[in-house]
Amino acid sequence: MVHRHCPHTHLDVSLPCNCRWGLLFCCSVNWEGGGRHPDCRLWGDHGQDALEAAHVCLINASATGTEILKNLVLPGIGSFTIVDGSTVAGEDVGNKICISLPLSIQNRAQAATELLQELNSDVSGNFMEESLEQLLENDPTFFLKFNVVIATQLSESSLLRLSAILWNADVPLLVCRTYGLVGYMRLAVKEHPVVESHPDNALEDLRLDSPFPHLKDHIQAYDLDKMDKKDHSHTPWIIVVAKYLEKWCSEHNSQLPTTYKEKEAFRELIRQGLLKKDNGTPEDEENFDEAIKNVNTALNPTKPPDTISEKDIWLFCRNAAFLRLVRCRSLAEEFNAETTNKEEIASCMENLDSEMVLYIMLRAVDCFHRQHGRYPGVYNNQVEEDIGKLKSCVVGLLQEWGVSVSVKDDYIHEFCRYGASEPHAVASFLGGAAAQEAIKIITKQFVPFNNTFIYNAMLQTSMTVRM
């Protein structure tokens, strides 16, 4: 089994290895249809409906891109379109990202589409044998029909052109990149509302301060003063809190205990309700202990939801206390030297080995590409020569930002040795993590990262930061 888990997300990718592919799609499934995918339990039937209605665009059938789509096809994305004008090359086979060499005359998007559809026949796959640059020139509105656009291994200039179009049209963009032993993701969306945020520590809305009629009748059916020991110790702790809250409110002008001092007094009030032994010591009643422990969470004031459509009222009410709104900065703001997040860069770089140094290096190799028309170290005989050139790019970039930090030479040497490679092991991890974020965007469940995720495969560490 291949197990992958993103440290900043909730969903897992756990799939058995299937060697017969020998390609990009080194993982298959042990689920063979006949109902909804088992992962449906994570986002529910309504989440699965949203997933099956979604249309996703992938730009470039790279190792990273096709790993992402694999992890969207398996749970049943509605349809996808791959945009890639490249043909299959030897490095594609080496990275397990396309198909075997005898079919290398195929377009890469077509080859990937055909294999992806074998994973799940219910998913509709399409491909465009054009480069992103051609589509942006001839039909820039092409990308506006998708629920989310996933862009992988793009140059800075193409990425900025695409992001400007999608940002103005409110289409979510997920940027993914594998560069040597570094993984990078960037989410660009103006506003993304999350109704079902699935918080790790949910503060439940028990409505004890304003119980609805049936709840009030149920609470009144319990009379703690007339119960025997067995019934008293088996009364649900929520009822215990509710009964003593009635007593508290009758003595405090119908006001909930809100301050620390008031809550401590309320806990003491509950303690006084414990049954006593013959010697006067309190009985061991776990339900009362639970009631005392949960005072903070049980006394949340009721927040009635605004008026919404009848179709969504039950879902909204259930999650009214956990609504989230994610707002990202645009890529144009990030890539503008005047508006880049200099404070965050300087703060993170107080530790010279922070993952922020990898972000700086990724920006530096893009600067190198603008100046030289290639990435550093792509040719073995130029690695040593490119080290000095890349160092100049790093220094120039930091000066442009006005950030007084230094980057160790070791990182510059390492990025030159990477030669813009896309190791499948790193692409596979990033593909699982990115697919999870795409599912969050599509289903509007769980909270996506905001807005930059950097993965260090050398140390198996990661960082989420707002750039």
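**Figure 1. Residues around the largest cavity.** In this predicted model, 17 residues line the largest cavity, and those nearest its centre are L159, R177, Y184, F335 and D366. Two or more lining residues are given by each of the elements β6 (148–152), α6 (156–168), β7 (173–179), α14 (331–335) and α16 (356–372). Of these elements, α16 supplies the largest share of the lining, with 4 residues.

Figure 2. The space in the largest cavity amounts to about 150 Å³. With a threshold of 30 Å³ or more, the count is 1 cavity. Its lining divides by class into 9 nonpolar, 5 charged and 3 polar residues.

**Figure 3. Surroundings of Y222.** Y222 is placed in the loop that runs between α7 (213–220) and α8 (229–233). When residues up to four places away in sequence are not counted, Y222 touches M227, T235, P236, I239 and K243. A distance of 9.5 Å separates the C-alpha atom of Y222 from that of H232, the two residues being 10 apart along the chain.

**Figure 4. Confidence along the chain and the stretch 1–34.** The chain has a mean pLDDT of 85, and 85% of its residues reach 70 or more. In residues 1–34 the pLDDT is below 50, although the model gives this stretch 98 contacts beyond near neighbours in sequence.

Key. Residues are numbered from 1 along each chain as its sequence is written. This is a predicted model: local features need pLDDT of at least 70, side-chain atom pairs count only at pLDDT 80 or more; totals for chains, interfaces and linings use all residues. Side-chain values use heavy atoms; hydrogens and water are left out. pLDDT is the predictor's confidence in each residue, from 0 to 100. Contact means heavy atoms within 4.5 Å. On a 1 Å grid over the protein atoms alone, a cavity is a set of points where a 1.4 Å probe fits but cannot get out, and a pocket is an open set with protein on both sides within 12 Å along at least five of seven lines; lining residues have an atom within 4 Å of a point. Grid points are joined across faces, edges and corners, and a volume is the space filled by probe spheres set on the points. Ala, Val, Leu, Ile, Met, Phe, Trp, Tyr, Cys and Pro count as nonpolar, Asp, Glu, Lys and Arg as charged, and the others, Gly among them, as polar.
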